[in-house]
Structures are given as C-alpha cells and as structure tokens.
Amino acid sequence: MPAPRTVLLTGAAGGLGTLMRDLLPAYGYELRLLDLRPIDDAPDAIVADLADRDAVREAVRGVDAIVHLAGISLESSFEKILGANIEGTYHLYEAAREEGVARIVFASSNHAVGYAPRPRGDAPLIPIDTPHRPDTFYGLSKAFGEDLAQLYWDRHGLETVSVRIGSCFAEPTSVRMLSLWMSPADGARLFHAALTAEHVGHTIVYGSSANTRLWWDLSSARALGYEPQDDSEPYAEKLIAEQGELDPENIAHAHLGGHFVNDPPIWPY
Ligand code: NAI
Ligand code: 15L
C-alpha cells in the first residue's frame with residue numbers, strides 16, 4: 001500500500017489523541033480530527049459521536065488511513081461499552097469499508113489479555129498469540145475490536161494493525177508501568193510503523209517502549225519496522241522506593257492487567 005498521507009485520528013481530544021496530534025504531523029501526515037468533545041485549539045476538528053453512522057461515514061470519506069483511538073478507555077457498564085466501543089468500532093469499520101479506506105490502526109489494550117499472568121524470573125515473555133483473557137468489559141471490547149479487524153481483513157481485505165497498548169503517558173507512574181510504559185515518542189514511532197509497513201493483513205502487536213522490565217514480546221511490532229528508543233528504567237529507583245516491589249501474592253500484581261483485574265478504574269461519564 002502507498003504510504004498514507006491523510007489520516008483520520010479518532011479520539012483526538014483524549015490523552016493519547018492530544019499527544020499524537022503533536023507528534024504524528026512530523027512524520028508527514030495530514031490529520032483529520034474527530035472526537036465527541038470539541039478541541040479548543042483545533043476548531044476544524046469534527047465533533048461527532050461514533051454512534052452517528054452518517055457523521056462517521058463523512059469523517060472517513062477521502063482519508064488514506066485511520067488511527068482509531070476513540071472510545072471509553074476505562075471500565076464502565078456493559079451498556080455504555082457496547083455503544084461506544086463495540087458498536088462505535090463497528091460503525092467505523094463499516095464506514096471504512098464503504099469508503100474504501102485501506103488501513104486502520106486500532107488502539108487495542110493490554111486489557112484484552114489482562115488475565116495473562118505476568119512473567120516472573122526467567123519465564124518467557126507474554127507471546128502475541130496468547131489467548132484473549134479480558135479483565136473487564138472494557139478489555140472484552142478490545143478483544144472484540146481485534147476480532148472485528150480480523151473479520152474485515154479476511155472478508156473485505158481491509159488491513160488493521162491492532163496495537164495492544166501498555167501505558168502511554170508522559171512518564172510511568174507505577175511499578176507496573178515500568179514494564180508496560182510506551183513513551184509518547186515511541187507511541188508515534190509505532191503508529192507510524194503501523195501506518196506504513198507493507199502487507200500487514202491483520203497484525204497484532206504489543207505497544208511499549210524497550211523497557212528493561214518488559215513483560216511481553218515486541219517482535220511483531222519490530223517486524224513492522226518499529227524501533228523503540230526509550231526505556232522506563234530511569235524512573236525505576238524512585239517508583240520502587242515510593243511503592244515497593246510488585247508482590248506476587250497480590251492478584252493485581254500477578255497479572256498483566258494490574259488493578260483492572262480486581263479494582264478497575266471506572267469511566268467517569
Ligand atoms: P481518553 O479517554 O483520554 O480518550 C478517548 C477519547 O475518545 C475521548 O476524548 C473521548 O471524548 C472520545 N470518545 C469516547 N467515546 C466516544 C464516542 N462514542 N464517539 C467519539 N469519541 C468518543 O483515552 P486515551 O488514554 O487517550 O486512550 C486512547 C485510546 O487508546 C482508547 O481507545 C484506549 O482504550 C486506548 N488505550 C490507551 C492506553 C493509554 O495508555 N493511554 C492504553 C491502552 C489502550
Ligand atoms: C488502558 O487500556 C487504559 O486506557 C489506560 O488509561 C491505562 O489504564 C492503561 O490501560 C494501563 O493499563 O495502564
């Protein structure tokens with residue numbers, strides 16, 4: 001596929017969307033922005049709900065690719081997750097199919113496989129082909145999004161890179177995040193690789209920096225051309241001094257999904 005130029009960024013008002021609005025244009029993309037919420041410094045952004053199929057179809061028209069970040073990003077009721085993440089993602093894929101968009105980069109999450117035990121000692125890294133083990137309705141919606149992406153590749157030839165993002169914030173803020181952190185700059189590198197790699201079909205990758213304390217296998221991300229430059233290790237001493245080492249007897253510390261397995265943060269809206 002030729003390198004995409006015009007990219008629809010859904011969820012552009014959110015935390016990750018704001019970071020990517022700053023970082024992705026340097027790779028040559030012209031971004032079209034969409035979110036439920038208006039964006040103060042982007043008056044041209046499309047304000048639309050993924051529930052609005054006509055608005056979604058119009059937003060998708062003419063773009064080369066989509067980076068799909070919009071949705072509920074924490075745990076919520078099944079009904080709310082169903083609307084925003086499951087039906088919303090379906091509407092986006094249908095619109096992309098109808099408008100002939102070649103590729104979607106889907107913001108999946110570590111929580112699609114959150115009940116995978118975190119590796120300890122010399123145990124192997126969590127493999128890409130680990131079975132779906134969602135830790136929440138939120139994680140379940142990400143597992144659905146990955147399966148939807150597979151269906152649209154197999155049936156319609158629409159390509160997707162599903163990025164099971166770890167924790168993409170300016171800095172890691174917990175001991176768990178030392179293993180899952182994806183620096184914003186590495187996030188942009190990975191999204192760029194996902195947008196430009198040839199023949200991805202439906203590829204699932206883990207999304208993190210090259211952390212010393214890595215828990216998962218980055219090889220499928222590297223195969224796209226992703227070369228992470230950052231490592232959370234400089235933050236380790238301070239975070240461990242403040243929070244202590246992870247306790248294997250603590251269920252939240254024993255699984256990839258962390259506190260989502262027993263006390264997930266709830267979407268506030
Ligand atoms: P966020 O909650 O800050 O942003 C999500 C955005 O989606 C919000 O601006 C919200 O208004 C918008 N949105 C929600 N429902 C919508 C709807 N029905 N129609 C249109 N827009 C809607 O979340 P964040 O952290 O920016 O994450 C972005 C994406 O990446 C999410 O899909 C999240 O699940 C995923 N992700 C993020 C991780 C992270 O570390 N930030 C980790 C793993 C996955
Ligand atoms: C996610 O999927 C969330 O969207 C994000 O807010 C973080 O909680 C992240 O996972 C995480 O596991 O740290």
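**View 1. Ser108 sits in strand β5, which spans residues 103–109.** Strands (E, at least two residues) and helices (H or I, at least four) are DSSP runs, numbered from the N terminus. The model is predicted, with local features needing pLDDT of at least 70 and side-chain atom pairs counting only at pLDDT 80 or more, while totals for chains, interfaces and linings use all residues. Residues are numbered from 1 along each chain as its sequence is written, chains are lettered from A and ligands numbered from 1 in written order, and side-chain values use heavy atoms, leaving out hydrogens and water. Ser108 is buried, with a relative accessible area of 3%. Buried means under 20%, exposed over 50%, and partly exposed in between (1.4 Å probe, protein chains only).

**View 2. Ligand 1 sits in the largest pocket.** A pocket is an open set of points on a 1 Å grid over the protein atoms alone, with protein on both sides within 12 Å along at least five of seven lines. A molecule sits in one if more than half of its atoms lie within 2 Å of its grid points. The shell of ligand 1 holds 26 residues, and Leu16, Asp35, Ser73, Tyr138 and Cys168 are the closest. Shell residues have a heavy atom within 4 Å of the ligand. By class, they are 13 nonpolar, 9 polar and 4 charged. Strand β5 gives the largest share, 3 residues. Helices α1 (15–23) and α4 (137–156), like β5, each supply at least two.

**View 3. Polar contacts of ligand 1 include one with Ser73.** Such a contact is a pair of N or O atoms within 3.5 Å. A polar side-chain atom of Ser73 is 2.7 Å from a ligand 1 oxygen. Another oxygen contact, at 2.9 Å, reaches a polar backbone atom of Gly15. A nitrogen of ligand 1 lies 3.0 Å from a polar backbone atom of Leu50. On its own, ligand 1 has 820 Å² of accessible area, and the protein covers 91% of this. Areas come from the Shrake-Rupley method with a 1.4 Å probe.

**View 4. Ligand 2 also takes up space in the largest pocket.** Its shell includes Ser73, Asn110, His111, Tyr138 and Arg176. The shell divides into 4 nonpolar, 6 polar and 1 charged. A ligand 2 oxygen is 2.7 Å from a polar backbone atom of Ser73. The side chain of His111 places an N or O atom 2.7 Å from a ligand oxygen. For Arg176, the side-chain distance is 2.9 Å. Alone, ligand 2 exposes 320 Å², of which the protein buries 83%.

Methods:
Polar contact = N/O pair within 3.5 Å; in protein donor to acceptor, adjacent residues only side chain to side chain. 1 Å grid on protein atoms, 1.4 Å probe; cavity = no way out; pocket = protein on both sides within 12 Å on 5 of 7 lines; lining within 4 Å. Nonpolar A, V, L, I, M, F, W, Y, C, P; charged D, E, K, R; others polar.
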